[in-house]
Amino acid sequence: MTNISMLEFNRIIQGAALAESAEQQVQLIVDAISEVIATDVCSLYRQNANKDMALIASHGLAQGHPFIIPANQGLVGRVAQSRHSINLINPDELADYYYVAGSNEEQFHSFCGVPLVQRGDVIGVLVVQSRRPQALAPEQEAFLTTLATHLALLLASLPAQLCQPSRPLLNDYRNGISGAPGIAIGRARVRRAAGLANAAESTAEHIEQELDAWRALKSRVMAELKQERHIVEQTLGDNLAAVVDAYQMLLDDPGFGAHITDAIKTGKVLPWALKLAVSYFSELFKAMQDPYLRARHEDIEQLGDKLYLAWRGHGPEVMAPEDGSPIILVGDQLSVSDIVSLPIDLMVGIVCSAGAALSHISIFANALGIPAVMGVGELSLSMGQPLIVDGDNGQVIIAPSDALITEYQSSIKSQQDVARRFAVNRDLAAVTTDGAKVTLMANSGLQADLLPGLKNGAEGIGLYRSEIPFMVRQSLPSEADQVAVYREVIESYKNKPVYIRTLDIGADKPLPYLPIVEEDNPALGWRGIRFTLDNLQLLITQFRAVMVAAAGRDDVHLLLPMVGSTGELNHAIELLDESLKQLLAEGKNVCRPRLGVMVEVPSSISLLPLWRNKLDFISIGSNDLSQYLLAIDRNNPLVGRLYDPLHPAIIHEILRIVRCAQDCQLPVSLCGEMASDPIAVLLLIGMGIRQLSMSSSKLPLIKWLLRATSVSDAEAFLTQALTMDNAQDIRAAAETLITKSAIYLDG
Ligand code: PEP
Ligand code: MG
């Protein structure tokens, strides 16, 4: 076969797309390749978590048993290691030939393997073999290489179990995301939920009856949640009970209720109406940029499952342990109810197929000191399966060997001391070892966040994302609605400063009820202050509402998002002054809040000295600032791993901002994710930043770090970091300092 046309190529890819399952898809591909290039064998290997190459589909090789080529072994290993194709004859005469017993490979005398690469890493190998000792022609090899780029994308999206043998191997590692640190050894207690996803669409015969059923369901689940809160409060403390409050608030939210009743009124049955409402709000949260708020979509989904279970007549599922051995709770999307249904003293670890580091279940696990690994993908585990949960490295080890268990047991022992000290520091002030006080505040946007922030010692709200209450509604809130929301925020933080950011909508945070147009580059488009100045009635109402809510308080601040030019700043100031004038003319006892800008659009940096008399403070929005300085969309998974706020350019630029603020005597804080990254915090303290705002769950960690660090060490680290040209070296250098801090705490 000489010329392989694009037609053949498309036929293979399109034919496979019609397959009903992933297994069938890969099998169709290897069958088709072997036909097109007329070889006896075509095999697809996928690297598993152990870095071994597992055969996932083959045309021509006998595969009736687990077929694994150990990491870096054989010709397949050589292709993976060299990241280059190998095309040769008589492979069995080579020293690194690896024979899998029973595979029938001895019959084949040519071998061509090409690597499958995704984002710079080899994830598999495509191999063709023939009986005749004849190497592939160059155009055939080129064809395989082209096909391999497509296969890599497909392979990366296949379910994990395709790459694993059906029986659990000894020490079978699975990778996820660290949800809570620490190591646990125990037995799996698997939670299988028949969730709301299973609800089917059908038409309601009696709308009034469905509405009654909704009201009854709501009050029943509300009562269950109250009971759950009580249990959590008794067993885990008031602090964690606030998480259950979040479910209660969501259930009680008028927007959520209206969605359900509206759907029922259009003839939908209750479970379908629930499903529509849950997916609507879940999508809203998923679209949010802030990782903490984005993770809140799980709360909505868990509430939906809870409502659905209750509708089907099942109460909370109780999973009693059988033999009193330590429990590792394993599930798809676990909720607080799953935790409270188990004896808390036996629960040592959590593994969640879905979820992320900021899921509520991770926050719970962190607060309880229970190691957790999130997002491991589908695991088909049986009840009682021995597991190790390595929350530090985001790994789960299935069927660990005795030797591995002994090794992990000794790590657990040494970690217990550190954990004890961590808890003690949580209630103390954030003062460095050489006496510098750092103000630690919480980022918020949901009413449900207010309490956890206070409970974790927040000294104020450093960033209130006012767009969030707008996003969970179905129409614009009135001035009075807004006053009520802001008043609750301000009053929750008595005698503590609150920074309310004006609407930062647009781009990834659209309001469904406002006309936001499709844009080619939404992150560079009509968002933040650009949007609200074009719709200045929104800004005026919001300025008025904040001032009315803040009456009698002098510690409420207004923060403007995405300001990049003097014209924008002047226009916003003009509108603020006009709003104040209106309220005073109406006889309201209000005053002008302190005004600042988020420094997140790079063009604002050079203008700061010229704005010194217009501003009362600045707050660095490191999330957007990083995305714009690096020209990397922080939400695009293709480039996500390049998004690193420790990139030297960002460190230098933030230092420039801090120095400028110091020269202009403008108070400066930072409210992006960097504020909760320990290494970044050391650099920021070294620069002179003394106010940070972060997700409330991160406050204790950062307080612990600050109390163990001196400003002089942080300054020395900054000086060193400024000489480095890449983030990896900066991280490595930070290790010495963090170890020193840990030693300080060890006394
Ligand atoms: C930021 O950009 O750093 C920030 C705090 O704002 P947001 O994440 O809401 O865009
Ligand atoms: Mg921002």
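In this predicted model, S622 belongs to helix α21, which spans residues 622-630. S622 is buried, its relative accessible area being 2%. Beyond its neighbours within four places in sequence, S622 is in contact with Y643, L670, G672, E673 and M674.

**Chain as a whole**

- The chain contains 26 helices and 22 strands.
- Of the 747 residues in the chain, 54% are buried.
- Among contacts in the chain with a separation of 6 or more, 68% are between residues 24 or more positions apart.

**Aromatic pairs**

- The structure holds 6 aromatic pairs. In one of them, Y308 with W311, the ring centres are 5.9 Å apart and the planes stand at 15°; because planes under 30 degrees apart count as stacked, this pair is a stacked one.
- Helix α10 (residues 297-311) contains both Y308 and W311, which are 3 residues apart, about one turn of the helix. An α-helix has 3.6 residues a turn, so residues three or four places apart point the same way.
- The two partners are assigned to separate accessibility classes: Y308 is buried at a relative accessible area of 8%, whereas W311 is partly exposed at 40%.
- Y499 and F617 form an edge-to-face pair, with 5.1 Å from centre to centre and 90° between the planes.
- Y499 is in strand β17 (residues 498-501) and F617 in strand β20 (residues 617-620), so this pair ties together parts that are 118 residues apart in sequence. Y499 and F617 are both buried.
- F256, Y280 and F281 are linked into a cluster by ring pairs.

**Packing of helices α7 and α8**

- Helix α7 (residues 254-265) and helix α8 (residues 270-286) have axes that come within 8 Å and cross at roughly 140°. This angle makes α7 oblique to α8, because roughly antiparallel would require an angle over 145 degrees.
- The crossing of α7 and α8 is right-handed.
- On the α7 side, the contact is made by G255, F256, H259, I260, A263 and I264. On the α8 side, L270, A273, L274, L276, A277, V278, Y280 and F281 take part.
- The contact of α7 with α8 has 12 nonpolar and 2 polar residues, and no charged ones.
- The aromatic cluster described above has members in this contact: F256 from α7, together with Y280 and F281 from α8.

**Packing of helices α16 and α18**

- The axes of helix α16 (residues 479-492) and helix α18 (residues 536-549) cross at roughly 45° and come within 8 Å. Helix α16 is therefore oblique to α18.
- The crossing of α16 and α18 is right-handed.
- Helix α16 contributes E479, Q482, V483, Y486, R487 and I490, which meet T541, Q542, R544, A545, V546, V548 and A549 of α18.
- By class, the residues of the contact of α16 with α18 are 7 nonpolar, 3 polar and 3 charged.

**Buried elements**

- Helix α24 (residues 699-707) has 7 of its 9 residues buried, so this helix is largely enclosed by the rest of the structure.
- The buried residues of α24 are L699, P700, I702, K703, W704, L705 and L706.
- L196 is located in the loop between β9 (183-191) and α5 (207-236). Its relative accessibility of 5% places L196 among the buried residues.
- L196 and Q302 lie 106 residues apart in sequence, with a C-alpha to C-alpha distance of 8.9 Å.

- Most residues other than glycine have a negative phi.
- N72, which is not a glycine, has a positive phi of about 65°. N72 is placed in the loop between β3 (68-69) and α3 (74-82), and at 52% relative accessibility N72 counts as exposed.
- R83 likewise has a positive phi, near 55°, in a residue other than glycine. R83 is found in the loop between α3 and β4 (86-89), and its relative accessibility of 57% makes R83 exposed.

Conventions. Residues numbered from 1 in each chain as written. Chains lettered and ligands numbered in written order. Predicted model: local features only at pLDDT ≥ 70, side-chain atom pairs only at ≥ 80, totals over all residues. Heavy atoms only, no water. Phe/Tyr/Trp six-rings, centres within 6.5 Å; stacked < 30°, edge-to-face > 60°. Helix = DSSP H or I, 4+ residues; strand = E, 2+ residues; numbered from the N terminus. Buried < 20%, exposed > 50% of the residue type's maximum accessible area, 1.4 Å probe, protein only. Contact = heavy atoms within 4.5 Å. Axes fitted to C-alpha atoms, helices over the stretch in contact; angles between N-to-C directions. Parallel < 35°, antiparallel > 145°, perpendicular 65-115°, else oblique. Left-handed = near helix turned anticlockwise from the far one by under 90°. Nonpolar A, V, L, I, M, F, W, Y, C, P; charged D, E, K, R; others polar.
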